[in-house]
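Please read the following note beside the sequence and the model, and check each point against what you can see there. The points move from one residue to the chain, and then on to other places.

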Amino acid sequence: MEYMEKFVSLTRVILRYVILSEVMYRNIYQGNFLKAVRHARFIATTSPTQNNAQNLNEARFDGVGQHNFDDFTKEFMQNRIEVNPFQRLLLSAGSSIAALVDPRRHDMIACLGETTGEHALQDILHTMKSTEEGQRILQQKPRINTRTVNLETLRQLPENTFGWVYVKFLDDNQVTPDSRMEVRFMDDSELAYIMTRYRECHDLVHAVLGMPTNMLGEVAVKWVEALNIGLPMCYGGAVFGAFRLRPKQRKRYISEYLPWAIKNGKSARPLMAVFWEERWEQDIEEMRRELQITTLQN
């Protein structure tokens, strides 16, 4: 365990200096030599444990040529960190170990998803482009957060609607749609949007499946996502998350949750091609039948 903690710590240091080095070299390339010198000094004199994320983001964003981008792409370009193949390999290895040591490290889980999921995201992109609903998602690039979704309006909907079920899920589990991390370690803005979409739709999938956010519910949802969406990080969360279940939970997991999750993951319509925001007022049971989803009967 001591060696794992050291490796995780080293990963965080590497991640920090990847960010700072990218800022410095980009300024050199653009001819901003004074800024490059400032960031070189920053690299040499700043402790890796200090929190300077805000300064780093401000330093990266210059706004050049971004007037032609949509809102998501502008945000993505502001937050994006370029990494070479070796750095990507280090980030992938380090974040995977960090996520195993502490599954609550959502930053490491997010990093793992971005550094290992490109091929799966290409498959998701192909699936979304093959449906009219998915095409509209890719064109409009909707976001799910408290700035774009009026939760109070959803609370006023009838109890049998998807919107009401979703906001009840948020309230019961004390979660917010604003908690998802931005994508930073990807090159393609369209794939970055799909990864963002996956993160922001995760709670919607919980709601339509009727699964809580406890460990048993999370593992079950990860299996559904793994088989339906195909991201490697979902398979990892499903397999390794099961090892953290308590004995009583493990018994129910094997006899009830796992067979149910596998069935739904294989039979459900592609969930990434669902325009959830257009379905707030749809009857939840009608929606489940349409998506070929069944809930687990306790």
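Predicted model: local features only at pLDDT ≥ 70, side-chain atom pairs only at ≥ 80, totals over all residues.

**Notes on the model**

1. Thr115 touches Arg88, Leu91, Ser92, Ser95 and Phe185, where residues up to four places away in sequence are not counted and contact means heavy atoms within 4.5 Å. Thr115 sits in helix H6, which covers residues 106-116; helices here are DSSP runs (H or I, at least four residues), strands are runs of E with at least two residues, and both are numbered from the N terminus. With a relative accessible area of 12%, Thr115 is buried, a word that stands for under 20% relative accessible area, while exposed stands for over 50% and partly exposed for what lies in between (1.4 Å probe, protein chains only).

2. Residues are numbered from 1 along each chain as its sequence is written, and side-chain values use heavy atoms, with hydrogens and water left out.

3. For the chain as a whole, the secondary structure comes to 15 helices and zero strands. Of the 298 residues, 47% count as buried. Among contacts with a separation of 6 or more, 68% are between residues 24 or more positions apart.

4. Which positions does UniProt mark as "binding site"? The unreviewed entry places this feature at His202, Asp203, His206 and Glu218; the positions are given in the numbering used here, feature names are shortened, and such annotations may be inferred rather than shown by experiment. These residues span 17 residues in sequence, yet no two of their C-alpha atoms are more than 10.3 Å apart, so they gather at one spot. Of these residues, His202 is included in the lining of the second largest cavity.

5. Two of the annotated residues can be compared in turn. Asp203 belongs to helix H11 (residues 189-209) and counts as buried at 5% relative accessibility; beyond four places in sequence, the residues that Asp203 touches are Tyr166, Phe169, Leu170, Val175, Thr176 and Arg180. Glu218 belongs to helix H12 (residues 215-228) and is partly exposed, with a relative accessible area of 23%.

6. Apart from neighbours within four places in sequence, Glu218 is in contact with His202, His206, Pro212 and Thr213.

7. The structure holds two cavities of 30 Å³ or more. A cavity is a set of points, on a 1 Å grid over the protein atoms alone, where a 1.4 Å probe fits but cannot get out, and lining residues have an atom within 4 Å of a point. Grid points are joined across faces, edges and corners, and a volume is the space filled by probe spheres set on the points.

8. The largest cavity has about 50 Å³ of space, and its largest share of lining, four residues, comes from helix H4 (residues 71-79). Arg143 is one of the lining residues; Arg143 lies in the loop between helix H8 (132-140) and helix H9 (151-155). The side chain of Arg143 makes polar contacts with the side chain of Glu75 at 3.3 Å and with the side chain of Glu200 at 2.8 Å.

9. The second largest cavity has about 30 Å³ of space, and four residues of its lining, the largest share, come from H11. Its lining residues include Tyr198, Cys201, His202 and Trp276.

Technical notes: 1 Å grid on protein atoms, 1.4 Å probe; cavity = no way out; pocket = protein on both sides within 12 Å on 5 of 7 lines; lining within 4 Å. Polar contact = N/O pair within 3.5 Å; in protein donor to acceptor, adjacent residues only side chain to side chain.
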